[in-house]
Amino acid sequence: MTVKTPVYMDYSATTPCDPRVVEKMLPYFSQEFGNAASRNHVFGWKAESAVDEAREQVAALINAHPKEIIWTSGSTEANNLAIKGAAEMYRSKGQHMISCVTEHKAVLDPLHHLESEGFEVTWMEVDRQGHIDLEALGKAITDKTTLISFMAGNNETGTLHAIKEIGRIAKDRGVLFHCDATQAAGRIPLDVMDQGIDLMSLSAHKFYGPKGVGCLYVRRKSPRVRLVPILDGGGHERGMRSGTLNVTGLVGMGEAARIAREDFDLETSKLAGLRDKLERDILAALPDSVVNGDPENRLPHLSNISFPYVEGESLIMGLSDIAVSSGSACTSASLEPSYVLRALGLGDELAHSSIRFSLGRFNTAEEIEFVTEQVTKEVTRLREMSPLWEMAQEGIDLSKVNWTTH
Amino acid sequence: MAYSDKVIDHYQNPRNVGSLDKNDKNVGTGVVGAPECGDVMKLQIQVDDDGKITDAKFKTYGCGSAIASSSLATEWLKGAMVDDALEIKNTQIVEELSLPPVKIHCSVLAEDAIRAAIQDYKAKSGTATKTEAGA
């Protein structure tokens, strides 16, 4: 088996630009370099028309109108604009928002910022699979609630929130629904009309576009959503996001969205097939392994697996020919395991021993076999070295041991 | 995170992995750390009648630096006299493995494991009664 190493299996962190995307972007660096806001010459017109095409392509991916796409530098900015922009705009209606403990930091932190300014945020807990209780969500909404924010697919576990049901609740109760779809774009069907979404964040580099560009979908009709901008300036993007547009990057994002839409069925079924094979083979070789999150309703490219009795950082160190992420961020003395996995109720030990495999467009069946082989070999080796594995084999209940915490 | 060559060497080729009979009165066992903290070390020594450590074994659940620290500790313990082994300091391990500040706790844990193993050995051989080893 010949596999070129290192094997990249961290597509949830970022994706390479598709060669078709790069091809489309190239003329916009030096030849078609105009400012899309220049109204009185052909350089500007060409840039504007390229941006308009990208707007249509991105809008088509989520069934929106092109005018509802507000370009940003990525999802972090889009999330900030949605949350802080709506908070400010609708402050007189109320100062209450609802979100979930397993959201990305780019949603958690803007909400924490609002809390420090006196807003109230209700944080929904999740069950073992990562789902919120929809009935509890309905009960949490008050006449002071202006916005609820729930991601489409979780970046660590892949668990899908029931966004269509959440969208319906938001409509019924007259609150805005912001959905961070950073991980979901190109991987599950997104339809802002059908799913009742009022604000949606996207990032190009998660679906084979360039880094540094993204957008916020802002609904224009029923209801017409208005936001107070974070950046003040030339009044670009319907006044919601000033700043000269990154024409080259946006051309890339548009092309990436076109490919994601056109190849959607083929790509998602291929990804799910490879992911399922990886998971099946690893579980067969290492039966103690635990798949985290919802095994059914999840992103097709992602698998988060805990390997009990071995520690995540040492496992990653052993997998030096594979690029994956660990649920344990134990680079500091505080040894902080993933807050997402802890919210699912995993003990710290399982959270420490988890690996996120996220597959993408350029992974092959051979790479899946290689990764399975490497993971099996390394987990087995580390278990032979693990006092916890030895104790478990002796029938000792690890939860009953009186450990010396440090 | 970048690891030193010595950490990588111990991680890839750990010395003295294994277990000794913890019920043997000449064997001292130390188990330190906790799974929820991300490190557990088990370190064992076998001591002859002259107080010399004739064998040392370890098993470690933890990061590469924790594995390397305990592997190195067993190398140093083998052939040492029990009382001299008590002189091994975590700072020597830090220096030998070039551990960065965030990994110093791994060396502290290794020192704790050495002390716990010696203490267990002394308790067992001194009183000649069976003391449950480690945790």
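Q: How many aromatic pairs turn up in a search of the whole structure?
A: This is a predicted model, and the search finds five aromatic pairs over all chains.

Q: What makes the pair of Tyr8(A) and Tyr11(A) edge-to-face?
A: Two values settle it. The ring centres are 5.1 Å apart, and the cut-off for a pair is 6.5 Å. The planes stand at 70 degrees, and anything over 60 counts as edge-to-face, so that is the label the pair gets.

Q: Why is the pair of Tyr208(A) and Phe362(A) called edge-to-face?
A: Go through the numbers again: the centres are 5.9 Å apart, and the planes meet at 85 degrees. Since edge-to-face needs an angle over 60 degrees, this pair qualifies.

Q: How do you know that the pair of Tyr208(A) and Phe362(A) ties together parts that are apart in sequence?
A: Look at where each ring comes from. Tyr208(A) is in the loop between β7 (199-203) and β8 (214-218), while Phe362(A) is in the loop between β15 (354-358) and α13 (365-384) of chain A. The parts they tie together are therefore 154 residues apart in sequence. Tyr8(A), Tyr11(A), Tyr208(A) and Phe362(A) form one aromatic cluster.

Q: What makes Arg361(A) a residue that lies over the face of Tyr208(A)?
A: Arg361(A) is 3.8 Å from the ring centre of Tyr208(A), against a distance limit of 6 Å. There is an angle test as well, within 35 degrees of the ring normal.

Q: Where does the charged end of Arg381(A) sit?
A: Over a ring of the other chain: Tyr11(B), with 4.7 Å to the ring centre.

Q: How many residues are in contact between chain B and chain A, and what is the area buried?
A: On the chain B side 34 residues touch 31 residues of chain A. The buried area is about 2,700 Å², and carbon and sulfur atoms give 62% of that. On the chain B side, Tyr11(B), Lys59(B) and Tyr61(B) lose the most area to chain A, together 26% of what that side buries.

Q: Why is the meeting of Glu390(A) and Lys59(B) called a salt bridge?
A: The N to O distance between their side chains is 3.3 Å, and the limit for a salt bridge is 4 Å. Three salt bridges are found across the interface of chain B and chain A. Between the two chains there are also 15 residue pairs in polar contact. As for the parts of chain B involved, those that each supply at least two residues to the side touching chain A include α1 (5-12), β3 (53-61) and α5 (104-127).

Q: What makes the backbone at Tyr208(A) and Tyr309(A) worth a look?
A: Most residues other than glycine have a negative phi. Tyr208(A) has a positive one of about 75 degrees, although it is not a glycine. Tyr309(A) also has a positive phi, near 80 degrees. Tyr309(A) lies in the loop between β10 (302-306) and α10 (312-318) of chain A. With a relative accessible area of 18%, under the 20% cut-off, Tyr309(A) is buried.

Q: Which peptide bonds are cis, and what are their omega values?
A: Most peptide bonds are trans. The bond joining Thr5(A) and Pro6(A) is cis, with omega about 0 degrees; Pro6(A) lies in the segment before β1 (7-8). The bond from Ser222(A) to Pro223(A) is cis as well, with omega near -5 degrees, and Pro223(A) is in the loop between β8 and α8 (247-262).

Q: How do you know that His205(A) is buried, and what does its side chain contact?
A: His205(A) has a relative accessible area of 14%, and the limit is 20%, so it is buried. It sits in the loop between β7 and β8 of chain A. The side chain of His205(A) makes a polar contact with that of Thr14(A) at 2.6 Å, against a limit of 3.5 Å. Leaving aside neighbours within four places in sequence, the contacts of His205(A) include Ala13(A), Thr15(A) and Lys211(A).

Key: Residues numbered from 1 in each chain as written. Chains lettered and ligands numbered in written order. Heavy atoms only, no water. Phe/Tyr/Trp six-rings, centres within 6.5 Å; stacked < 30°, edge-to-face > 60°. Helix = DSSP H or I, 4+ residues; strand = E, 2+ residues; numbered from the N terminus. Contact = heavy atoms within 4.5 Å. Buried area = accessible area lost by both parts, 1.4 Å probe. Polar contact = N/O pair within 3.5 Å; in protein donor to acceptor, adjacent residues only side chain to side chain. Buried < 20%, exposed > 50% of the residue type's maximum accessible area, 1.4 Å probe, protein only.
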